[in-house]
Amino acid sequence: MATGIKQLDREEAIAGWIFVTPALIVFGVFLVVPILFAFWYSLTDWNGISPPSQAQFVGLENYRSLLVEKGIRQADFFKALKNTTYFALGVVPLQTAIALVLATVVNQRYLCFKGFFRTAYYFPSITSSIAISLIFLFLYQKSGLINRTLEWITFGRWEPVTWMNDARGLIHILLEQFGVTLRGGPAFLHQNVLGLRVWDWISGPSVTLTAIMLMNTWTTIGTMMVIFLAALQDIPSFVYEAAQIDGANGWQTFTKITLPLLRPTLFFVVTLGLIGTYQVFDQIYVMTAGGPAKTTLTMAYIVYRNGFRNSEMGLGLATAILLFVIIFVLTLLQRRLTEVQD
Amino acid sequence: MTASTSLEQSSSVNPWPASRLWIQIRLWISYALLFGLAFAFFYPFLLAVTTSFKPLPEIASDPVSLLPKTWTLEGYELMRGMNVGRWVFNSAFVAVLVTVGNLLFASMAGYALSRIDFPGREALFLGILGTMMIPGIVLLIPRFIVLKQLSLIDTYGGLILPGLVTAFGVFLTKQFFQSIPVELEEAARIDGANRFQMFFLVSLPVARSVLIALTIFSFQGSWNEFMTPLIVISTNKDLYTLPLGLAFLRGGIGMNLQWNAILAGSIVTTLPMALIYIFFQRYFVEGISYAGLKG
């Protein structure tokens, strides 16, 4: 780590600071100052159009209207929080698991067409999220490829779904199969908690949100796979040879050797996944703009919508800072969880 | 390297005696799954390419079949009418400058943070590392405020300057410079080279592979970036980048879409990255392993 071989001399110090100056200017102007602005303007009613100097200080009003005060702002905030959480809960485990399996498989020494598989799986990761969203918008049409493929697989029994306009929650649909509906359910399901009925909280992601989740998983698997792959290649082969001599089978080798050695990478990949999914924006912007029935409203999208569409920059900033706190807490929590297991 | 070698491998560690036939079948199923998955990852792009050459009525009546009955450039002509040439130029121009900026400034900072002993270095590095924790969406509005104050809204400057150095680039190059032997530079120092000469003439040329990785990541990041252009460009449509132009083409929710044009635009956006990826594939993996894991 340390390169402190020389004693500190003036010339070195000057050179050092000159080398970092361009980076410092960019970070200062476009990272540090904005963060300070974010805290300050989240306490004002600035609308984004008038000069910022004319913004009125309103204290914690923006935070209050998002978290406490009953109304559409609170309802939207918690809808977005609910949707985003379902999004993360669906995407992160799925993409991590598939990426891990693929990396392990593609890393095998005796696999043929290794290069081809890696190329194919990583390909969506390099593509513009906007281009991918548009391509999937095409595939998700009612008469599009996804429905047709499902029809084909189920020998025509599949009912085509209007993927981009179906607000039914997955858990609702599942419960309905067993005859459980809101109408026949107990009274507490109607209770309003933080702007949403209990029934809506537990409804699961809507069909439309699920469609976007699957697309997102499809897109990010490659990146996560390459990260796992890099870590796998760092595991020295003698470790595996030793396991083989001890008579471990493939599954034992995977669970007793590969997985423990990959724990730091696993943490890294899950963290990356959480940070990414809690900020999902581009796909929502292009595909649904939060609809249908606000079931694809995400945290990042309401930051944008409150700020730029509704001209309530103060409110948008308060939303952004709350999102920041949520991501931060989740990352810490996750670190805690992985440490406990050690 | 053949299937039979692999089969011997797995049979030697197998606790239960399996028949050769069963192993063979398992192998075929595995390969079928791998190829099927590869197909699932690739087919959407393929269908998008061929559909972009179909006329609109044909897409409406059959959005699934792979090959067009009538080939047409209608979609591409529609795109040209939308000024797509300008979007391509803007995207490329911005991405090239962002990449050059990162190559120069990020590697300078990464070099100083790993090789030059100066007061405040550790704190600085931790600070830069800290900025990587800030979710991009949190910066959306406050960056808009800064850009507005600096009159950078609706300018190339607004598109380029915020990306000119990324914390990722600094981190990547720092990790690399840390890994090369000091002796290389010491020889130059004894010959009387100063820090700048040591950096530009000795260390930078050695860093070729990591610089290629940085080039790819910077270019890719800028080329695909959507949020920055979305807030920087408000009225001047001549400054649209490809992703922003594409989102604009898509229009409002529920509108009738000119699929051949939209897919043509998606292909134009995807193609350059696809070519870069195919030719420089190994640097993607190398870059990720430098950044993520060789800490």
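Helices are DSSP runs of H or I of at least four residues, numbered from the N terminus. This is a predicted model, in which local features need pLDDT of at least 70, side-chain atom pairs count only at pLDDT 80 or more, and totals for chains, interfaces and linings use all residues. Residues are numbered from 1 along each chain as its sequence is written, and chains are lettered from A in the order in which they are written.

**View 1. Contact between chain A and chain B.** Chain A contributes 83 residues and chain B 75 residues; two residues are in contact if their C-beta atoms, placed from the backbone, lie within 7 Å. On the side of chain A that touches chain B, α1(A) supplies the largest share, 20 residues. That side of chain A divides into 59 nonpolar, 19 polar and five charged residues.

**View 2. Packing of α1(A) against α6(B).** Helix α1 (residues 10-41) of chain A meets helix α6 (residues 121-131) of chain B at an angle of about 35°, and their axes are 12 Å apart. From α1(A), the contact is made by G16(A), V20(A), F27(A) and L31(A); from α6(B), by R121(B), L124(B), I128(B) and T131(B).

**View 3. Surroundings of A167(B).** A167(B) belongs to helix α9 (residues 167-179) of chain B. A167(B) is buried because it has 21 C-beta neighbours inside 10 Å, the cut-off being 20 or more other C-beta atoms within 10 Å of its own. Beyond its neighbours within four places in sequence, A167(B) is in contact with I128(B), T131(B) and M132(B). F125(B) is 42 residues from A167(B) in sequence and 9.7 Å away in space, C-alpha to C-alpha.

Technical notes. Axes fitted to C-alpha atoms, helices over the stretch in contact; angles between N-to-C directions. Helix = DSSP H or I, 4+ residues; strand = E, 2+ residues; numbered from the N terminus. Nonpolar A, V, L, I, M, F, W, Y, C, P; charged D, E, K, R; others polar. Buried ≥ 20, exposed ≤ 12 C-beta atoms within 10 Å, placed from the backbone.
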